[in-house]
Amino acid sequence: MNVFESNWGKTLSFFAVFVAALAAVLYYLENSEVDEIPRMDLNAMEENYRQKNRTCFILGASGETGKALLKEIVERNIFSSITLIGRRQLTFEDKAYENLVQKVVDFEKLDEYAEAFQGHDVGYCCLGTTKAKAGAEGFVRVDHDYVLKSAELAKAGGCSHFHLESSKGADKTSSFLYLKTKGQVEAEIEDLGFERFSIYRPAVLLVDREESRPAEWVARKFLCAVSSVLPSMSIPITAVARAMLVNTLTDGEQKVEILENKAIYNLGKIGDKE
């Protein structure tokens, strides 16, 4: 067993070095100029935003992105009220979460829970599942039907800025169900006419957790090594959450904005610096 572990460790070390070298080459080929991350006084922006006394809701706070986003929002303390909308009550040990408002809804009967979506200035939607977990029909129901109906109720309830976590490659004309569904819901929410609609299209999401199988662990290490030098391939969940928060603080130059993986990564770095 010790010999196996030793050989396995050497193999992984060699693989990590190979990945780093490959990523550097790919990065050079993809982009010979490094994007300059814009300078922002995040503390001043946060304080200015607090003065606006705005409220928000989060859909999907039990998921990986939703949890990371909630943590960022609570720590930054930029909203006067935070509401979690979901199918079950969440429990938190940290006292920082004690003032959260939670609304439990039945996503199959969302029209009956319109009140939960009323009176919020900003909405964050991190709802999502996979075809592997829910089947094709279940995936479309969650990632399209639930998301779109939530957006409709949010718009009717007065939400002015709606944030949607989508996916890299989202395209309503795609032949792939996942990308097609993501693209369709983007387009249909855009048609609702929010004052500001922010779409985030992250690539492979990296979650900081221990994997139970060696193959998964190796895959995560590969993507982590690549993400810092080639941000078009993957991105940490925490970077997506920080990007959503930082983007909230900005005025926004367009009514509808699509942030691809690299833009998300750069905004996430801003949030990470503070």
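Contact here means that heavy atoms lie within 4.5 Å, and helices (H or I, at least four residues) and strands (E, at least two) are DSSP runs, numbered from the N terminus. The structure is a predicted model, in which local features need pLDDT of at least 70 and side-chain atom pairs count only at pLDDT 80 or more, while totals for chains, interfaces and linings use all residues. Residues are numbered from 1 along each chain as its sequence is written, and side-chain values use heavy atoms, with hydrogens and water left out.

The protein contains eight helices and nine strands. Of its 274 residues, 45% are buried, where buried means under 20% relative accessible area, exposed means over 50%, and partly exposed lies in between (1.4 Å probe, protein chains only).

Helix H7 has 13 residues and spans 19 Å from its first C-alpha to its last, which is close to the 18 Å expected at 1.5 Å a residue; the expected span is 1.5 Å times one less than the number of residues. This helix is mostly covered, with twelve of its 13 residues buried, and the buried residues of H7 include Ile-237, Val-240, Arg-242, Asn-247 and Leu-249.

Two packed helices are described by the angle between their axes and the distance between the axes. The axes are lines fitted to C-alpha atoms, for helices over the stretch in contact, and the angles run from 0 to 180 degrees between N-to-C directions. In the packing of helix H2 against H7, the axes come within 9 Å and cross at roughly 65 degrees. The crossing of H2 and H7 is left-handed, a term used if the near helix is turned anticlockwise from the far one by less than a right angle, whereas clockwise gives right-handed. On the H2 side, Leu-42, Met-45, Glu-46 and Tyr-49 meet Val-246, Thr-248 and Leu-249 of H7. The contact of H2 with H7 has five nonpolar, one polar and one charged residues, with Ala, Val, Leu, Ile, Met, Phe, Trp, Tyr, Cys and Pro counted as nonpolar, Asp, Glu, Lys and Arg as charged, and the others, Gly among them, as polar.

Helix H3 (residues 64-76) also packs with H7 (residues 237-249), at an angle of about 50 degrees and with the axes 8 Å apart. H3 and H7 are therefore oblique to each other, given that angles under 35 degrees count as roughly parallel, over 145 as roughly antiparallel, 65 to 115 as roughly perpendicular and the rest as oblique. The crossing of H3 and H7 is right-handed. Among the residues making this contact are Glu-64, Ala-68 and Arg-76 of H3, together with Val-240, Arg-242 and Leu-245 of H7. By class, the contact of H3 with H7 divides into eight nonpolar, one polar and four charged residues.

Most residues other than glycine have a negative phi. Asn-53, however, has a positive phi near 55 degrees; Asn-53 lies in the loop between helix H2 (42-50) and strand S1 (55-59) and is exposed, with a relative accessible area of 53%. Asn-77 likewise has a positive phi, near 55 degrees, and is placed in the loop between H3 and strand S2 (81-86), where Asn-77 counts as partly exposed at 47% relative accessibility.
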